[in-house]
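My entries follow the structure.

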Amino acid sequence: MNKEESSKKIKVAFFPYKISMWDSLESIWEATDRDESCECQVIPIPYYSKNADGEIEKEHYEGAAFAKKVPIIDYQTYFLEQEMPDVMYIHNPYDQNNRLTSVHPDFYSSRLKKYADQLIYLPYYT
């Protein structure tokens, strides 16, 4: 391993969609953010509520609700193809199959896993 490889930071990206569920990822973000070998990114993503027929009714985005201590990145300016995080954390792996909500299709787990070495699902209740 050369000097450049040993000094390369691990890029860790968090993709929360509901502020009410951030607490399931927050302690991991805090620990990772303190780790000097890591570069943390928090990218709140939009989600959609669905009606009883499973059709999308309304878009929601809660990025502004995060505490000021959490430096967020606007999902509209975040490009997976360029960022290529080493590790990604999500708390909604259901993509279009969730009956109540759906995250934006650009952030479906089926797409995210193409751009990271590790895609980690952390259930909200954990």
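Are Tyr-17 and Tyr-47 buried or exposed? I looked up both in this predicted model, and both Tyr-17 and Tyr-47 are buried.

Entry on ring pairs. I counted aromatic pairs in the model and got ten. I took the pair of Tyr-17 and Tyr-47 from the count: the ring centres lie 5.3 Å apart and the planes stand at 80°, so I noted the pair as edge-to-face. An angle over 60 degrees is what that class needs. I then checked where the two residues sit. Tyr-17 is in the loop between β1 (10-15) and α2 (23-34), while Tyr-47 is in strand β3 (residues 47-50). They are 30 residues apart, and the pair links distant parts of the chain.

I looked next at Trp-22 and Trp-29. Their ring centres are 6.1 Å apart with the planes at 50°, so this pair goes down as tilted. Both Trp-22 and Trp-29 are buried. I also found the two tryptophans in one aromatic cluster, together with Phe-14, Phe-66 and Tyr-89.

Entry on Ile-90. I located Ile-90 in strand β5 (residues 87-90). Its relative accessible area is 4%; the cut-off for buried is under 20%, so I recorded Ile-90 as buried.

Which residues does Ile-90 touch, leaving out those up to four places away in sequence? I listed Phe-15, Leu-25, Ser-109, Leu-112, Leu-119, Ile-120, Tyr-121 and Leu-122. For Ile-120 I also noted the spacing: Ile-90 and Ile-120 are 30 residues apart in sequence, and 6.3 Å apart in space from C-alpha to C-alpha.

Key:
Residues are numbered from 1 along each chain as its sequence is written. This is a predicted model: local features need pLDDT of at least 70, side-chain atom pairs count only at pLDDT 80 or more; totals for chains, interfaces and linings use all residues. Side-chain values use heavy atoms; hydrogens and water are left out. Rings of Phe, Tyr and Trp (its six-membered ring) pair if their centres lie within 6.5 Å; planes under 30 degrees apart count as stacked, over 60 as edge-to-face and the rest as tilted. Helices (H or I, at least four residues) and strands (E, at least two) are DSSP runs, numbered from the N terminus. Buried means under 20% relative accessible area, exposed over 50%, partly exposed in between (1.4 Å probe, protein chains only). Contact means heavy atoms within 4.5 Å.
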